[in-house]
Amino acid sequence: MKIRIVRNVFLLLLSLLIGAFISGMLLLRLYEDDFGEAIIESIKTQLNAEVIIGNTSFSYFSSFPLVSCDFEDILVKDNQGRELVNAKILGLRLNMYNLLRKSLKLENILIKDGVIHIVYDRKGQANYDILNSSNDEGYIKHTSLDYVGFEDVRLLIDHYKSDWHLDSKLADIKLKYEDN
């Protein structure tokens, strides 16, 4: 008798888990275009830079239990029109619950197969200062960001004021984010 109760409870919990997973996948498929457009618009609103995105794809499997929003062939230009980030994939990992509430909180970011080119001009001004600080209407929040990952990314740093240059490869690195 006890074994039957335990088995039935286990089957019920398993059914609920499978049902929640399938519901999440269906919701993601139904609203994929809306989510993609909202995220792209938010990125463009929050950045004071030109952003060019090839394709956008969502996946529930690649980063389960998080939703993966991957931008393919992404190019971000700095304020001077120079290339800042050029990557095959820029992946944002998001919580499905927050995604459905349109209150996006990034869990992690992945930059894959690309180049990051940081430039300090002769005055010491950096080209990576592209956040639009005057805009508080952003859709994407970074308060729950766990880490930023880099896979096969070339990091170029040119510091013209101090006259030094760096060319390095970031093979598989995760930088933990801590908000003090």
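This is a predicted model: local features need pLDDT of at least 70, side-chain atom pairs count only at pLDDT 80 or more; totals for chains, interfaces and linings use all residues.
Residues are numbered from 1 along each chain as its sequence is written, and side-chain values rest on heavy atoms, with hydrogens and water left out.

The secondary structure consists of 3 helices and 7 strands. These elements are DSSP runs numbered from the N terminus, with helices (H or I) of at least four residues and strands (E) of at least two. In sequence order the pattern is α-α-β-β-β-α-β-β-β-β. Of the 180 residues in the chain, 37% are buried. Burial is assigned by relative accessible area (buried under 20%, exposed over 50%, partly exposed in between; 1.4 Å probe, protein chains only). Among contacts with a separation of 6 or more, 58% join residues 24 or more positions apart, a contact being defined by heavy atoms within 4.5 Å.

In soluble globular proteins, nonpolar side chains tend to be buried together. The largest nonpolar core in the chain contains 36 residues, where a core is a set of buried Ala, Val, Leu, Ile, Met, Phe, Trp, Tyr and Cys residues joined through side-chain atoms within 4.5 Å. Ile39, Phe71, Ile74, Val76, Leu92 and Ile116 have the most contacts inside this core. At least two core residues come from each of α2 (32-46), β1 (50-59), β2, β3, α3 (96-100), β4 (104-120) and β6. With residues up to four places away in sequence not counted, Val76 touches Ala49, Glu50, Val51, Arg82, Glu83, Leu84, Val85 and Ile130. Phe58, in strand β1, is buried at a relative accessible area of 5%. The C-alpha atoms of Phe58 and Arg93 are 9.8 Å apart in space, for a separation of 35 residues in sequence.

One of the contributors, Leu14, lies in helix α1 (residues 2-30) and is partly exposed, with a relative accessible area of 35%.

The number of salt bridges is 7, a salt bridge being a side-chain nitrogen of Lys or Arg within 4 Å of a carboxyl oxygen of Asp or Glu. In one of these, the closest N and O atoms of Asp70 and Arg93 are 2.9 Å apart. Asp70 belongs to strand β2 (residues 67-77) and Arg93 to strand β3 (residues 83-94), so the pair ties together parts 23 residues apart in sequence. Both partners are buried, Asp70 at 15% relative accessible area and Arg93 at 11%. Arg82 and Asp78 also form a salt bridge, with a closest N and O distance of 2.9 Å; Arg82 is partly exposed at 35%, whereas Asp78 is buried at 4%. Asp152 pairs with Lys169 at 3.9 Å between the closest N and O atoms. This pair links distant parts of the chain, 17 residues apart, with Asp152 in strand β6 (residues 147-159) and Lys169 in strand β7 (residues 164-176). Asp152 is partly exposed at 39%, and Lys169 is exposed at 58%.

The whole structure contains 1 aromatic pair. The pair is formed by Tyr120 and Tyr128 in an edge-to-face arrangement, with 6.0 Å centre to centre and 80° between the planes. Rings of Phe, Tyr and Trp (its six-membered ring) are paired if their centres lie within 6.5 Å, and planes under 30 degrees apart count as stacked, over 60 as edge-to-face and the rest as tilted. Tyr128 is partly exposed, with a relative accessible area of 43%.

Most residues other than glycine have a negative phi. Asp113, in strand β4, has a positive phi of about 50° and is partly exposed at 38% relative accessibility. Asp152, the salt-bridge partner of Lys169, likewise has a positive phi of about 50°.
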